[in-house]
Amino acid sequence: MNKYNFIHFKVGKERDPKFVKFYKDYYVDYIEKHGKLRGAHVLDIGSGDGRLAFFLHKYVEKWYGLESSKMMLKRARKNRTELNIENKIRFHESDMHKTPFSKDKFDIIIYSNSLHFSENPKRAFQEAYRILKDGGLLFVFEHPSYLRWGSNTLNKTLEDGSENPDFNEKFCNVKLGKLASLEKYLNNQKLFTKLNREGYHNRWVFRKAVFSLNEDF
Ligand SMILES: C[S@@+](CC[C@H](N)C(=O)[O-])C[C@H]1O[C@@H](n2cnc3c(N)ncnc32)[C@H](O)[C@@H]1O
């Protein structure tokens, strides 16, 4: 289990308009620019305490969280019970490099602040490729988490829309070197076609590439 120290998600935040707006702007609008959430089966890899699920589940058909940390899963399940949304969201204990899902299961796969934890992004991507439907979309979000910036910074960002690039270095949990090597991998991987990359926000979207049977990759 990693030693990631994540602030506890407080039930109720998912109704706070500031947070709702942030999750809508940052995730929902970006995803919907490229695909459809309605009717989708979505996998959230490295789902942590489930916050993405709690903000986004209402847009989708079914939300699956995958998480390797027992502690995070416990929090996520507790929050889910308190929010009374158990039938819409499932959390699985698993490793992103080898998941329990059947192939071609998901319409959308999301890594939100989690791919940088992978010691083997190639292996992680091979697994994502396997369980994503043909033509399915893969999103990678690696933003310096607004929620860890502290409430003042968060409020300022949400209120005036300003995002000071200095924050990247100052508050980012992800070491920039690590992000650079992840980006290098993302640029060179062959399983997915890159549809978009927004540098400033560290958002990427890929589509599963379809290979002919004898193609080697
Ligand atoms: C920074 S948190 C992100 C939580 C959430 N996705 C978000 O954006 O708020 C990263 C999560 O990835 C999980 N994680 C790390 N390595 C993992 C692995 N190999 N398989 C599954 N989950 C993993 C961690 O336990 C942690 O909960």
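This is a predicted model: local features need pLDDT of at least 70, side-chain atom pairs count only at pLDDT 80 or more; totals for chains, interfaces and linings use all residues.
Good morning. Ala128, for its part, touches Ile109 and Leu138, leaving aside residues up to four places away in sequence.

The mean pLDDT of the protein is 82, and 77% of its residues reach 70 or more. Two stretches call for caution. Over residues 1-6 the pLDDT is below 50, and this stretch has 6 contacts in the model beyond near neighbours in sequence. The pLDDT is also below 50 over residues 145-172, a stretch with 26 contacts beyond near neighbours in sequence.

Let me turn to the sheet. Strands of a sheet pair through backbone hydrogen bonds, in either a parallel or an antiparallel sense. Here we have an open sheet of 7 strands with mixed pairing, and the strand order is 3-2-1-4-5-7-6. Which strands lie at the edges? They are strand 3, residues 89-93, and strand 6, residues 192-198, each of which pairs on one side only. On average, neighbouring strands of this sheet are turned by 20° against each other, direction ignored.

I would next draw your attention to strands 2 and 3. Strand 2, residues 62-67, pairs with strand 3 in the parallel sense over 5 bridges. Trp63 has Ile89 of strand 3 as its bridge partner, and Gly65 stands opposite Phe91 in that strand.

Helix 3, residues 70-83, packs on the sheet and touches both strand 2 and strand 3. The direction of helix 3 makes about 165° with that of strand 3. Helix 4, residues 121-131, also packs on the sheet, touching strand 4 (106-112), strand 5 and strand 7 (203-208). The direction of helix 4 makes about 140° with that of strand 5.

What is the handedness of the β-α-β unit made by strand 2, helix 3 and strand 3? This unit is right-handed.

Thank you for your attention.

Key. Residues are numbered from 1 along each chain as its sequence is written. Two residues are in contact if their C-beta atoms, placed from the backbone, lie within 7 Å. Two strands pair if DSSP finds at least two bridges between them. Helices (H or I, at least four residues) and strands (E, at least two) are DSSP runs, numbered from the N terminus. Axes are lines fitted to C-alpha atoms, for helices over the stretch in contact, and angles run from 0 to 180 degrees between N-to-C directions. A crossover is right-handed if, with the strands pointing away from the viewer, the path from the first strand over the helix to the second runs clockwise. pLDDT is the predictor's confidence in each residue, from 0 to 100.
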